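Subject: A structure for you to explore

Hi there,

Here is the structure I promised to pass on to you. Please open it next to this email and follow along as you read.

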Amino acid sequence: MQVLQISDLSKKFGSKAVLLNISMNVAQGEVVAIIGPSGSGKTTLLRCATMLEKADSGKLQFGDDTVICAGTPTAPAVLKNARRKCGMVFQNFNLFPHMSVLDNIIDAPIHVHHVSRTDAIAEALQLLEKMNLADRAQAYPCELSGGQQQRVAIARALALHPDILFFDEPTSALDPELTKEVLRVIRKLAEENMTMVIVTHEMEFAAAVADRIVFMADGVIVEEGEAQALIDDPQQERTKAFLSGIRN
């Protein structure tokens, strides 16, 4: 079953084309890593896929919900349902600084999904246990390390029960030791068959955890394939040059 289908997605900022006819699918339980140089359109693709940014043309489909990005407007109910199917974890955490860890996690379930406060708290505590943060429920983001903040952000996204979880370079703001904490959590989610799309610069992690890697450059998908195979034996010269630059 395809959880996400992207067809001919394009996006410009002014006269600059950032995405050019991007098409890709993500199957249920699949982990797709998106790699590529800075400025290749990776983050914009995620923002368009999660409807934080409106594409100029193309189509998104989450399960049976089709979101037309240009042309016929999407019915508000369909758009709302599609948004509920995806979660986003940002590179800079985006936690509410004035809220405790617990309140950061329960805010959306209560106000968006209308879950009772009692049920929202119970699930939030379970998620914090899963993130090895059970003792930090009443802490504030400023009292946490970067790795802890990112794990809270992951718990917050999971609390909405998304069909697919998007990560935008989830370790780019972290030092190597804290990076390991977050990658361990993502690896565990992959083992639990969580459907994920991960923009990352961690090649070793991408090869080990992702089922498939998509390499982007200059707003297009240059190459995609089985994760380890693409890392070990890229077919396109642009991919080879990028991976060679990282290894050196």
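This is a predicted model: local features need pLDDT of at least 70, side-chain atom pairs count only at pLDDT 80 or more; totals for chains, interfaces and linings use all residues.

Residues are numbered from 1 along each chain as its sequence is written, and side-chain values use heavy atoms, with hydrogens and water left out.

Now the answer: Glu169 is buried, with a relative accessible area of 18%. Here buried means under 20% relative accessible area, exposed means over 50%, and partly exposed lies in between (1.4 Å probe, protein chains only). You will find Glu169 in the loop between strand S7 (164-168) and H6. Helices (H or I, at least four residues) and strands (E, at least two) are DSSP runs, numbered from the N terminus.

**Two residues with a positive phi**

Most residues other than glycine have a negative phi. Glu169 is not a glycine, yet its phi is positive, at about 45 degrees. Asn21 also has a positive phi, near 50 degrees, and is a residue other than glycine. Asn21 sits in strand S2 (residues 16-27) and counts as exposed, at 53% relative accessibility.

Contact means heavy atoms within 4.5 Å. Ser10 belongs to strand S1 (residues 2-13) and counts as buried at 13% relative accessibility. Between the C-alpha atoms of Ser10 and Leu230, which are 220 residues apart along the chain, the separation is 25 Å.

Back in the loop between S7 and H6 you can find Thr171, which is buried with a relative accessible area of 3%. Leaving out residues up to four places away in sequence, Thr171 touches Thr179, Val182, Leu183, His201 and Glu202. Thr171 and Ala108 are 24 Å apart in space, C-alpha to C-alpha, and 63 residues apart in sequence.

**How H5 and H6 pack**

Two packed helices are described by the angle between their axes and the distance between the axes. For helix H5 (residues 146-158) and helix H6 (residues 176-191), the axes come within 8 Å and cross at roughly 25 degrees. Axes are lines fitted to C-alpha atoms, for helices over the stretch in contact, and angles run from 0 to 180 degrees between N-to-C directions. H5 and H6 are therefore roughly parallel to each other; angles under 35 degrees count as roughly parallel, over 145 as roughly antiparallel, 65 to 115 as roughly perpendicular and the rest as oblique. On the H5 side, the contact includes Gly146, Arg151, Ile154 and Leu158, and on the H6 side it includes Glu181, Val182, Val185 and Leu189.

**Salt bridges**

Side chains of opposite charge can pair when their charged atoms come close. How many salt bridges does a search of the whole structure find? It finds 8, where a salt bridge is a side-chain nitrogen of Lys or Arg within 4 Å of a carboxyl oxygen of Asp or Glu.

One of these joins Arg151 and Glu181, at 2.7 Å from N to O. Arg151 lies in helix H5 and Glu181 in helix H6, so the pair ties together parts that are 30 residues apart in sequence. Arg151 counts as buried, at 8% relative accessibility.

Arg117 and Asp103 form another salt bridge (3.9 Å, N to O). Because Arg117 is in helix H4 (residues 117-130) and Asp103 in helix H3 (residues 101-111), this pair ties together parts that are 14 residues apart in sequence. Asp103 is partly exposed, with a relative accessible area of 29%.

Then there is Glu224 with Arg212 (2.6 Å, N to O). Glu224 is partly exposed at 37%, whereas Arg212 is buried at 15%. Glu30, Arg212 and Glu224 are linked in a network of salt bridges.

Enjoy exploring!

Best wishes
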